[in-house]
Amino acid sequence: MAAQIAGVFEKGLQEKIANSKVLVVGAGGIGCEILKNLVLSGFLDIEIIDLDTIDVSNLNRQFLFHKEHVGKSKANVARESALSFNPNAKIKAYHDSITTNDYGVHFFQKFSVVLNALDNRAARNHVNRLCLTANIPLIESGTAGYNGQVELIKRGLTQCYECVPKPAQKSFPGCTIRNTPSEPIHCIVWAKHLFNQLFGESNDDEDVSPDTADPEAGDKAGEEALAKEANKEGNVDRVNTRTWAKQCDFDPAKIFNKLFFDDIKYLLSMSDLWKTRKPPMPVEWESLLEPAAGATEEVTENVAQRDQKVLSMFESAKVYAESVGTLKELFAKLPEGDHLTWDKDDKHAMDFVAACANIRAEIFGIARKSRFDIKSMAGNIIPAIATTNAITAGLVVMMAFRVLKEEYSKCNSVYVRLGLNGRNQLFVPESAIVAPNPKCYVCGAKPEVILQVDTKNVTIRELRDDILIKTLNMVSPDVILDGTSVIVISSEEGETDSNNEKKLAELYIVNGCVLKADDFLQNYELTITVLHKDPGREEASFAIVADPDSLKPKELVEVDKVTDAADDQQPSTSSAQNGGPSHAKKARIAVQDSDDDMYIVEDDEEKPSTSGISISSPSEVAAGSSSVLEKRKHTQDTEAPACKKVKVAAELQDEENDGLIIIPDE
Ligand SMILES: Nc1ncnc2c1ncn2[C@@H]1O[C@H](COP(=O)(O)OP(=O)(O)OP(=O)(O)O)[C@@H](O)[C@H]1O
Ligand SMILES: [Zn+2]
């Protein structure tokens, strides 16, 4: 074994490696490579965890897995395969999610170093918090196509994973999806929601019917056409979509006419919507039974051709009907209460979404797309390149050596690039370790945020699920109203269920209130100051401001920025504290770096995100700070309710492959 050949590693390191205990989180593209590197470098005590099973699509790059392993636990098979390189190694595998209660601070404290090889932000955030609490060094890594990144996270010494707010995951206003799509992606999201309404896990946020609460539709939305159909939430009151579809035995023609003819006519009746937009054109199933005059249309069976071709309406209708037929049968075979799960790699589920998206696109005068393009958008596919994973995993293990030697000052982040930069570098190191952001709402001394929220419409359930869990990455939060003994949310099952559907204001969570949120598993406490906001049509019902100080007047913030920039020019006295670029500067650099094929910018200076869930960075809020302050004075003003944002993180960013955190310029 390489590491035991004298001279490969110095003796001290060889011993440290042999005596260390390492946790690898994730046994996918990077995780398999890391595990192989660890075993071949002489690590003897390794634990690996992955919640997933092996899929055929993993085999091209996750080389510890072979055809016969498909369907088996990734962690277990990775362990078995890696042991064949060194049977003396002790590898413990867990087929589980790292976010479950079994892996708390004590679990993490056992390790010398933790190596993340994950593909989603939620798990990364969670491991970040546990490593900070347990004070265990974490090496975070990710790839996206040809770009890769490795960084050390060590409490008090480096930035943590959450020190710089990540760009919010893309989402669209519900009324755009339901009423006024203008881009193919809007139709694709709608079609995925439709799949869930008919066959999947249906969710109130994913309603596909016309939204009569759309503020732009005016007070009399759809009144003339179908006056009695809208319920008080603004949804067209029909029997639950699935119940209705079941009642008509998933008849493709009936479903088609309801969605693409009746609902579109209903939308047309909301005439205010079409004053500045091209109105949609309802289509009847019966009009698509024959190909368009003169066209010889055939739905090809050749997979490549089928994927690349932009299907006509006739072809789309045919694919739609076939997929509904098959999905209906698959659904019928499930036990009562169970549902199908949409998967881009499932032929019928993908056919259904591609066909429905194209039919809706045509109705709204939007360009139809090929199945391949729709799959890329619906599945948020970013190509995974085996070589980038291998290089990145190599850098991870090399950084682990430095961590074991406690040479933290040499653990600068490294970025893998597609081509050489101006300094002939393919692997671009950060100039120094980047110090923690003192205002970080995770690793800062006093974790606090401001929550700008529509207190009159957002419910306690949304506070818990959308704000605390999905956005602030808690796992099972407890929340009290500060200064009182009022328990708003309890992690004890059932204890505060009666609060769930209440609006924040009903529990006296109004402008200026302070909430204390706490996650026992993460050992994390957060102070949340609530500011009421009345969102507009395109705005989310809430936004998190990560740095409360940013609510000071703009001029002061500008002065601070200049000072920060000046500080960056200072020579480093302690590389850990002063040597790295400031957060703001780092972001600026990344924006200028336009040569990258793909990069994710953590831009402190960008405009506020238009997406549904946003965590504003300090300067974003600074720019709008006066209006925030004004709003504090006018909290009781009532405006038309904003459309509910549809959370489409899963559809678009899919939380997956968001591995890159930042790629700085060279
Ligand atoms: N909470 C979690 N706990 C444990 N493992 C996780 C968790 N979240 C994600 N993972 C694992 O992290 C790994 C990431 O690997 P990778 O990015 O190669 O994804 P993949 O699912 O194997 O590939 P692809 O997404 O391209 O199909 C996956 O094996 C995934 O199961
Ligand atoms: Zn931090």
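This briefing describes the fold, the ligand shell, an annotated cysteine cluster and the nonpolar cores of the structure. The model is predicted. The chain has 666 residues, of which 47% count as buried. Its secondary structure consists of 22 helices and 17 strands.

**Overall fold**

- Of the contacts in the chain between residues at least 6 apart in sequence, 72% join residues at least 24 apart.

**Shell around ligand 1**

- Ligand 1 is surrounded by 22 residues.
- The closest of these residues are G26, G28, G29, D52 and D119.
- Helix α2 (29–40) and strand β2 (45–50) are the elements that each give two or more residues to the shell around ligand 1.
- Sorted by class, the shell around ligand 1 comprises eight nonpolar, nine polar and five charged residues.

**Annotated cysteine cluster**

- An unreviewed UniProt entry places the feature "binding site" at C160, C163, C440 and C443.
- These four positions are spread over 284 residues of sequence, yet they cluster in space, with a largest C-alpha distance of 8.4 Å.
- C163 is located in the loop between β6 (147–153) and β7 (172–173).
- C163 counts as buried because 24 other C-beta atoms lie within 10 Å, the threshold being 20 or more.
- Apart from its neighbours within four places in sequence, C163 is in contact with P436, N437, C440 and C443.
- C440 is found in the loop between β9 (427–429) and β10 (448–453).
- C440 is likewise buried, since 21 other C-beta atoms lie within 10 Å.
- Apart from its neighbours within four places in sequence, C440 is in contact with C160, E162 and C163.

**Nonpolar cores**

- The largest nonpolar core contains 101 residues, and those with the most contacts inside it are L35, V114 and L115.
- Helix α15 (residues 386–404) gives the most to this core, contributing ten residues.
- This core lies between domain 1 (2–167 + 383–429) and domain 3 (448–551), because both domains give residues to it.
- Leaving aside its neighbours within four places in sequence, L35 is in contact with V24, A27, I46, I48, L64, A78 and A82.
- A second, separate core has 43 residues, including I255, M350, C356 and I374.

How values were computed:
Residues are numbered from 1 along each chain as its sequence is written. Chains are lettered from A and ligands numbered from 1 in the order in which they are written. This is a predicted model: local features need pLDDT of at least 70, side-chain atom pairs count only at pLDDT 80 or more; totals for chains, interfaces and linings use all residues. Helices (H or I, at least four residues) and strands (E, at least two) are DSSP runs, numbered from the N terminus. A residue is buried if 20 or more other C-beta atoms lie within 10 Å of its own, exposed if 12 or fewer, and partly exposed in between; C-beta atoms are placed from the backbone. Two residues are in contact if their C-beta atoms, placed from the backbone, lie within 7 Å. A residue is near a molecule or strand if its C-beta atom, placed from the backbone, lies within 6 Å of it. Ala, Val, Leu, Ile, Met, Phe, Trp, Tyr, Cys and Pro count as nonpolar, Asp, Glu, Lys and Arg as charged, and the others, Gly among them, as polar. UniProt positions are given in the numbering used here, feature names are shortened, and annotations may be inferred rather than shown by experiment. A nonpolar core is a set of buried Ala, Val, Leu, Ile, Met, Phe, Trp, Tyr and Cys residues joined through C-beta atoms within 7 Å. Domain bounds come from an automatic or database domain assignment.
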